[in-house]
Amino acid sequence: MNEKLIKYISEQLLNNELEDDLEAEDDLLGDGILDSLGMMKLILYIETEYEMKVPPQDMIIENFMTVQHISNYLAKQRS
Amino acid sequence: MKRNYKALTQSQLSIWTGQQLNPEAPLYNMAHSFDIEGFIDNESFKTAFDQLIERAEVLRTVFSVIDGIPVQSIQTGCEKTIEILDFSSKKPKEIKNWMKRRSQINFDFTKPLFDSVLIKVNEQRHFWFLNIHHLVTDATTSTILYKLQVELYKSILEGSTPKIKDVPAFDDYLVYKAVQKKLPISQTIRDHWKTKIDSLTVPLKIYGKECSATTSLANRVSLKLGVDRSKRLKDLASRSEIRSWTQDLTLFNLFTTAIFTYLHRVSGQQKFAIGAPSHNRSTKSFKRTPGLFIEIFPLLSDFEDKDTFFSVLEKVKLETNDYLKNAQPGMSSPELSRSFNVVLNYINVAFPDFNGMPMQSEWIHPEHCDPGHQLRCHVYDMNASGDIEVHFDLNNDVFHESLQNEIPQHFLKVLDALIEDVNQSIYEPSLIDKVSAIDLQPISEFIPIIKQFELQAIQTPDATALSFKNTSYTYQELNQKANQFANYLLTKGINSEKRVAVHLERSPEYIVAVLGILKTGASFIPISSDQPSQRVSYILEDSNCHFILTNNRLVDNITSTQIPYLNLDDDLSSLLHESIEFKCQDSLQDSLAYMIYTSGSTGNPKGVLISNKAICNYLNWAKSYYATKEKFIFPLFTSVGFDLTITSTFLPLITGGELIVYSEADHGPDISLMEVLAQNKVNSIKLTPSHLALIRGADMQHSNIKTMIVGGEDFKVNIAQSIQNSFSEDLRIYNEYGPTEATVGCIAGQYTANHTEASVPIGTSISGMSGLVLDSNYNQVPAGVVGELHLSGFGLAEGYCKLADLTSEKFVTNPFNPEFKMYRTGDLVRLNEFDEFEYLGRVDEQVKLRGFRLELTDVEANLLTHNNVQNTAVVIIENEKVIPEHEVVNCLNCGLPSNYPNTDFDEHGVCHVCNAFEGYKDQAQKYFKSEEELRNILTSQRGKSPNYDCISLLSGGKDSTYILAQLINMGLRVLAFTLDNGYISEQAKENIDRIVSKLEVDHIYGTTEHMNAIFVDSLHRHQNVCNGCFKTIYTLSTQIALAKQIPYVVTGLSRGQFFETRLTEELFWDENADVSTIDDTILEARKLYHQEEDAVKELIDVSMFDYDDTFNKVQFIDFYRYSDVTLDEMLRFLKEKVDWVRPTDTGRSTNCLINQLGIYVHKKEKGYSNYSFPYSWDVRMGHKTRTETLEEINEVIDEKEVKRIADEIGYQVSGESELKQKNLVCYYTGEKTSSAELAKHLKQALPEYMVPSYFKYVEKLPLTKNGKVDKAQLKMLSTSQLDTETPFVAPNGDIEELIGGIWKEVLRLKQVSVHDNFIALGGHSLAAIRVTARINEEIEMKFPLSKIFEFPTIIEYANYIEETLTKLLDEQD
């Protein structure tokens, strides 16, 4: 799951312009990799791709800080 | 040079269009000045900028129009460059002004859209001015270009290679957007936005401003939050319960919360949208691409009753996440843009220093803004200084200068409260600074009124003070009589502690009694003669009165009490022996002067205690405010128990004027008003708007009334206007506002022609009084914002008699000046821009009816005492509001006025009828046929009939004359028929006689002795004369045709009239329907038309219409169904061939003199001309122009002539339409009881005006979600529905609801009961076609037209449908 998300973020949101490759542990918002518009694009992608809805109360940094966080969150949702 | 042209993006297109609409305004110029502290090498800077032009395509992008479509292309080279100026002789301030002016240039779109200047201030300071048109830039672009310029300049200075990647092309974004647009998710997103804005109903009215801006001129008013406040805001943003994805998003959410709250507080609206630009740069490389990326999407507010800042923020968080998710490139639209008129622009970009030199940037506002954005709020910190700036761009049309300066302050109050305590109620902060302690000054010293009268008696003893019929009293005589009275009262133990009730009709004795009572220092309680005895007894007991004055006619009302009284019709010799001298008591300022009872909420009236000081404050003010050179001569003609009457009672007597008493008729005071006007003796009058409605339209040019004081209820501008016009020019009309609790009047103003809102403003506070507009937290609200009016000052009542709780609830301590009490009026008002109060309604259930104030619960409580009534709800039902004439707009296409019922205009100003017609225009065409077909029909039976081939209906107008000539041209034997309705103009008759003789055609005039009765009936039924006249023509011509065996009658109806009388949209719904089916339906409708009950059916022999055969024997042919002749062609033909002359003696384009009475009545009762609708169809059919139509429907009507004709035919032109607009309606459950019985019951306890005009039995009262009676539902019935005796039962079940829905649409009702009768609700044959067609369409059946008359209620028709359907199912089984 991490790979798929990293691929989407790197290609669609970053145009592969990051100096080093995106790591699953990188702080997406804190390191300025994504802004809030990018984050919501990512959520839209997740919702479409995994056919699910992220409820408003789940849209918090704790769930979306890094790609790893997102994977964990998604795994929990789908279990 | 071949160029690569590209289409514009949606954002570019809307800017392009906006610029085209305002070609001279620099409304999209984005100018920045960069104030660089340090040395700049001019040459290097210029070289750097030229390189920048080369690298950044946006600086070479130009626009042109190809085939009407704007396109953009990129020039390879660029003739433009940077300008270098040396302004070292100028002061920085001058340079800034220069830049401001320079920012306002108009760009040439065929050249690059930038203007770049490097300005030297001194060796160590430079301004770089860069202005770029918004078409190619946005805030991010500004920083990209700035940073590039820095890099390039640096590399040139250092001789190094610039450390910059290639600048991506805007083209990449265009390609990306095109791909995105095709993704399936795009449709979902578009639908999402559409659904979102569909939920909005009314545009946001900031400070109640309804205007749309016509200018792009806007001022920028700026606010710096300061480092401290900015830091506190950021601290708040870092709290975990506040935080969102990023600090910027959190700050954006906080600003959205603040601006939402601010807008909610200054509009009163709960649900509205603001626009917010999305930067739209979703990928890393787009973040480096110059160009216009931003698109504006709406954010919606949703306020509830108990919101705190935190609860609003929680909702905003969801809203902005939703917004970000759906803010996809290319998804904005003009429709979305129209959903908001406010923009919040949160900009999170910053400009770094310039190559190590400190730099301060400034965004220069070009003083113009998109007029669609009334308010723009920009939030940014572009210099990263930690001091957030908030800039408001405010449209000059919408906000006047002082308000523009207040707006940022109001916003700041909200923002500060949010920072202070995010958990507090959003209503807590006051938007304006606490008002300084009110300084109330009475206009002059408080000399008790009675003293003022006595002084006047000394000054002008021989002047006439009071007159009544043929007697009059001088001041001295009146004073002596009052003295005798006072002496008499002393013998009865009356003194300044006592209260005396005066239960008398208006009479000189009433005045003498009141003056006498005041002389003893006691207070008087006026009880008017029309109060029922039960209420009189209650007042006498409740008021603790010590003595009663009454007369023979009223004495029965007081027998239940033990209070001593004097009957003035008894032997008064003891009174006449009293001394004519009296030493007046020194009444204390706070002692009571009078007590007036008004409707209370418990079923009993409440007594309002008015002190001598209070009445003195009012009268002293009135004395000087209304003063003219003439002495006041007032009539006493309104109820003595009404505090409005205090003005007439005292004002003349303390100013040396004269009071003329008009006695009461048995039924209310209105007749005496007519007497006042007829006698024409007074020069001043105090009355209510309802009184004025009675005299509207009357010629009052010779009236002596010069001062008119209007009070008691909402005063509409259209009444004021028409009164001002009907009196001589020097009449001064005043609007005076004041609840009994604030003594007669406390806010007043003069009506002027400048007043154009629906109601005349109530004016400004009188001296000694102060009005405050407060919200529910006792915060004063800004001008324009609606709040509850609170009154303070010397005129306040002392409270309510024996109602301590109510008194302390209504009279509270003034929070702005604790020395004073403050009365909560319950009236909603706002201050307009001239600082006048505007009255906007009530916060509670208290209502005003014909000037009388009443509590609905008072009526309800009294009704509940009837044994048959279990529960009840009383409401006021207002009939369709008449839109004031100046607010009416006409469809830009057909001219249909906006006050035509249920009209809807789209954003282009086109009406719903035009828009709907677009949908079935082609279908409708098939109804129309050729002249050839007409000839075939009419000649098919030529010669078969013994006498004539057809009858031609000839009115003498151009249309019918043309038809006659054409028929003769066809070689037909024609009989011309004219109905002489008694009002054909002389010239029209000459025309007719000349035409028939020239064309050598047989002609007969038909008449009926019942014509006037038919006119009167038609006016009552249809508010016009034409319906009755037409039906008479059809009936009489059919009679002749039958008698003479003539097969055809040819009519001259215009195509527009077809759509008024025969054709409806529904007929064309079925695309496969044959024209003959339509013809059958129309014929069916015509049969029903002749069965409708009216004067024609009653008075003329219509028996032949009972036979179906009649409709075969005589067929009606509409000539213009077959002929499409233009007006020009027709007129030319008439002139050449027939000698037709346009009549000039009707004053309009008609032959008929009575026509204008119909138009007058229709306009008066319905607000629009009866020709509006058919003429709009003539325009739609291309037979008239919009201008011609507007000229005709707006023609001025000669009111005198109309009244004369009305008298002649015996029609009473109603002067009371204004009065009839409000009705008191009672709904009750329990046992069904006759209205007369219930009214009788109420009359025992309530005055006449409080007895409902309608009593409607219901099985149960509708309830709201909260379990309260749903009064809004109950207000939906029309008067014709109320008139019926049947109980109200809402439709229930699929079929009933379906029919109910259709009825509501077609008959334009807000609510239907299943027992309502189709015909009684105004359902006629055309409505029957529409209703039946719709039912057939929905149920896929073919129910015949006549069933609706056979089963005229919803319940019956629903039964019929169900039975039919069941039968069909059974058959299938």
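I call two residues in contact if their C-beta atoms, placed from the backbone, lie within 7 Å. Helices (H or I, at least four residues) and strands (E, at least two) are DSSP runs, numbered from the N terminus.

The model is predicted: local features need pLDDT of at least 70, side-chain atom pairs count only at pLDDT 80 or more, and totals for chains, interfaces and linings use all residues. Residues are numbered from 1 along each chain as its sequence is written, and chains are lettered from A and ligands numbered from 1 in the order in which they are written.

Entry one: the helix pair. I found B:Ile449, B:Ile450 and B:Phe453 of H12(B) meeting B:Leu515, B:Leu518 and B:Lys519 of H14(B). The axes of H12 (residues 449-459) and H14 (residues 508-519) of chain B are 9 Å apart, at an angle of about 110 degrees. Axes are lines fitted to C-alpha atoms, for helices over the stretch in contact, and angles run from 0 to 180 degrees between N-to-C directions. H12(B) and H14(B) are therefore roughly perpendicular (65 to 115 degrees).

Entry two: B:Ile494. I placed B:Ile494 in the loop between helix H13 (475-491) and strand S17 (499-502) of chain B. Is B:Ile494 buried or exposed? B:Ile494 is buried, with 21 other C-beta atoms within 10 Å (buried takes 20 or more, exposed 12 or fewer). Beyond four places in sequence, its contacts include B:Val500, B:Thr520 and B:His546. B:His546 is 52 residues away in sequence, yet the C-alpha atoms are 7.6 Å apart.

Notes
Angles under 35 degrees count as roughly parallel, over 145 as roughly antiparallel, 65 to 115 as roughly perpendicular and the rest as oblique.
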